[in-house]
Amino acid sequence: MTQSGSPTVEDSPLSGLRVVMLCDDQQIDRRILQEAESLHTVGCDVIVLGRSGDDHASAELDGGVKIERLDYAPMSDARALRAAIDVAVRTMEAERAVATPAAEDRPEPTPTALDLDAADRELADALQFPDYGSPGFQRWTLRQPWLMRNLIRATVWPPMRLDAMRRFAPGMHWTLQYALYLPTLLLTPRPAAIRWHWQRVRRRVASLKPRRSATLSPTHATLEDAGPTTPSASEESVPAPIGREAQLHEAAMRAHVSRFDDLNVWELALYDRAVFYRPDVVHAHDLPQLRAGFFAARALGVPLVYDAHEMYPYIKTLTTEQQERYKIVEGVFMPLADRTITVNPFIAQRQSCDYDIPEPTVILNAAAVPSVGSEDAGVGDHGPLRRAVGAGPGDKVLLFQGWISIDRSIGDLVLAMADVPSNVHLALLGYGTDIPTIRKMAAQAGVAARVHFLTPVPQRELMSWVLSADAGVIPYQAVDENHRLCSPNKLFEFIAAGVPVIANDLPYLRQVVAGEGFGVVRPFDGKENYALAIREMFDPALGGESRFRDALRTRAEPFLWPAQERVLLDLYLSVSKRAEAIVAATERAGSDARSALAAPGASTGSAHVAGSAPSQAAQRPERTLRVFHGLYNIAGIPSIMARAERAIGLESKAICFPAGGFGYEPDIVEQPAWSAAEIRARFRRYASEYDVFVFHFGHSMANETLADIPLLKRMGKKVVFYFHGCDIRQSKETIRKYRYSACKVCWPQRCNVNRDHALAVALEHADAVWVSTPDLLEFVPGAELFLQPIEPARIGYAERSAPSGGAPIRIIHAPSDSRLKGSEYLSDAIPRLQDRGVPVVLDLLQGLPHDEVIRRLQGTDLAVDQLLIGSYGMFAVEAMAAGTPVVCYLREDLVDRYPEKPPIAIASPDDIEEVIRSLASDPSQWASWSARSRRYVENHHDAGRAAQRAARTYRRLQTGLDARMRVEAMSAEERAP
């Protein structure tokens, strides 16, 4: 399944890694099997735990992947795990309760001379949380306000109800949100309260001395260190497993967090079997397996990967109580997973907004290209599907595969067959309890001879049937949010087989099928529209279904499994401890200086150097100014700034967290760290190495706490804060003051949890504060506008002119978050423009690597940027650099804050349709518009000019001008962007 050049068993750092996958399938889903096989191909030992069933073996080997199906009925007491954890904690603490003398107070360090060791000690005290546990535990402690807020949101105003309110009472929607959000503000723990609680925890932990460790299991204990235990009489009837002290203590804490509902029998069975296999990684597929996976991973001290295929809190067939319970469980445990995966960018954005987390990694439900060679893998008259329906050479076969249900609108699809050409056959390949009813509907409509009900085929034979279809149909209805945002397996199976697609007009189906030219998309709100779509697909006057096959051949690669397999393997490389050890060894070999700064006993595997290591300070005769950019690679700006500053002689590095799937490459990839030990190790690596620290997006080396900022200042370092948007924008103020605002769409889910704290720290300690867009100036007193830098030379320029000869205007829109960017207004306007005869085509790009977005810019006529925020973003800058005219919403009060009026066509959500129609009707100005756009970028966004300006600021700071004096000291020329 791997392609040429992919890792092999011999050279892969994942070789020998044991992975246990948890799922609730009897017939294991294709996606799960593909992920398992890809990991097996590079040397992993993969065990898939599923649900037992009469038609499936309890254990089997499938292509090297071990599959075990659990019979969990005998495990009836789900309280055993909770009791085991509680007793284990009490026993552990009793064994460790040896009083230790209190440590003497350390003398206060001299404020004017703070060395690295003293700064490290102060940082340990400032972090205010213990040095044990996993990154997920530390993340929970830092996000206590988020947890309380989301508990209230989940119980008081569920999203389903808010969506209904938004439709039927838009005027009251935000008023009621404010009213219901008030308890959050009152009940959310403040930082002072959190510090006070953690001081108590630290004192308690300090009084305990570790003496033993063992493996945690709900049914037995295996001691690794001999020693007597004396449980109380009330506890003797319950097994008392004693786990490794850090993981066990954390598991107990997690148990308290998870008591919204008892672990059920299925979760207990999964937990017990997962612990039995002692994997290196636990991979939980879908929400019903998340809690079991979490407890198993934490009991063993290994990473947890959460793979969300469905949006369970939004599934219509669940009761309201079940939806709310799933929402709470996912809201608590999803942020605690070491890595999260989902199936398309729309669901990733929704989960990010719902749970205030970074967007999960997107791995599509892609399929591999089937091998053609046997008779059954043939097309035309030789395929098994055509033989099964008795189709002749001139007949067309339309295929639906999967669950056959009235709820999936199969009834309307069958009735529509009466209004399509008689040479079209409908093949329903699958299973379902509604099949007898649908058979009767076909007979009543007189199409029984052309509607064929076929029994399911094994997963490994399915693609040979798909290959011989002329078109596939996806009739899913938007009965709930889970269906509306779906990206079903069959879509990617049709693409892999080169079969054109007829699909309902749902967001992701529209983006792929219509956006890539893979088929026909129509709103399926009645049998007439089904018939219309089928006739359009097979209409010989339009070119028939063959007109879509060129696009399927040339543009299918991103939607095939090899491309998604690379994402999966990269994710496993980042999460596996084995891979981290290899990376750490490479880093230590290349950088003695950085190794010398590592904290004793701390993990050195959290950073991956993507380039040559810096030379030791002792080898430099003169110390060139060294600049740190990090740790969030927002729009690639830290990387761009570092490259441009190196070009003018500074020693600048972009040291950033991985940037998801966008492909922004920093100089050093720093893995997120949440424990005190990891944060201190990071601080020691970089605090002495650099002179100026530019922190992006309101985070520092100490994450949201910003506890290292005062220490860096006392060490004589210069600190610059560079804010970019949600890290500093005051959402409630924005909602109150402005008619259009992205904050109205997502408030309060996406606001940085440390926004107010970051502003206070910046105003008190920063030597300079920059904002990348003028709408942020009102939130940061004294900030300077430092427009987004880009490298125009890396973006090919071509003068644009309006399409001629009736060719459609190709519009590109590439939102990082479609809700925040107002994408729905553009998506709604395009069909209306087409109905009015305006030749426009929308190319909606989401989740693509940055290089691919730039490449796709070259062939477009018009770019539409964000429609809610009021200023233009990085995509608009890149589009202007490419010479593509840009449409964007600019607030009237912000236009004059730019150095000159941007060459942008201003459009709001209300008039985006009219603006595009007007531009399409007057193409004469497009060529000059294109040239003005490129000049504007070269004058005001060029990274070389930005680096010169930044260097002047750094030098000024080095001479001792303080932050309050620098604005008055700057000349008008220097203050200009």
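In this predicted model, strand β21 and strand β22 (residues 718-723) run parallel and are joined by five bridges. Strand β21 (residues 692-696) has five of its five residues buried, so the rest of the structure largely encloses it.

- Valine 692 of β21 has valine 627 opposite it.
- A right-handed β-α-β unit is made by β21, helix α28 (residues 709-714) and β22.
- In a regular strand, side chains alternate between the two faces of the sheet.
- Both faces of β21 are covered: Val692, Val694 and His696 are buried on one side, and Phe693 and Phe695 are buried on the other.

**The open sheet**

- An open sheet with mixed pairing is formed by eight strands, in the order β3-β4-β2-β1-β7-β8-β9-β10.
- The edge positions belong to β3 (59-62) and β10 (361-362); each has a single partner strand, so one side of each lacks a neighbour in the sheet.
- Strand β9 (residues 339-342) and β10 run parallel and are joined by two bridges.
- Threonine 342 has valine 362 in β10 as its bridge partner.

**Aromatic pairs**

- The count of aromatic pairs comes to 29.
- One of these pairs is edge-to-face, because the ring centres of tryptophan 403 and tyrosine 431 are 5.4 Å apart and the ring planes stand at 65°, where over 60 degrees is the cut-off for that class.
- This pair links distant parts of the chain, as tryptophan 403 lies in strand β11 (residues 396-403) and tyrosine 431 in strand β12 (residues 424-431), 28 residues apart.
- Tryptophan 403 has a relative accessible area of 34% and is therefore partly exposed.
- Tyrosine 431 also counts as partly exposed, at 45% relative accessibility.
- A cluster of rings linked by pairs consists of Phe628, Tyr686, Tyr690, Phe693, Phe695, Phe721 and Phe723; among them, Phe693 and Phe695 are buried residues of β21.

**Charges over rings**

- Arginine 51 places its charged end over the ring of tryptophan 266, at 4.2 Å from the ring centre.
- The ring of tyrosine 738 has the charged end of arginine 891 over it, 3.6 Å from its centre.

How values were computed. Residues are numbered from 1 along each chain as its sequence is written. This is a predicted model: local features need pLDDT of at least 70, side-chain atom pairs count only at pLDDT 80 or more; totals for chains, interfaces and linings use all residues. Side-chain values use heavy atoms; hydrogens and water are left out. Two strands pair if DSSP finds at least two bridges between them. Helices (H or I, at least four residues) and strands (E, at least two) are DSSP runs, numbered from the N terminus. Buried means under 20% relative accessible area, exposed over 50%, partly exposed in between (1.4 Å probe, protein chains only). A crossover is right-handed if, with the strands pointing away from the viewer, the path from the first strand over the helix to the second runs clockwise. Rings of Phe, Tyr and Trp (its six-membered ring) pair if their centres lie within 6.5 Å; planes under 30 degrees apart count as stacked, over 60 as edge-to-face and the rest as tilted. A charge sits over a ring if NZ of Lys or CZ of Arg is within 6 Å of the ring centre and within 35 degrees of the ring normal.
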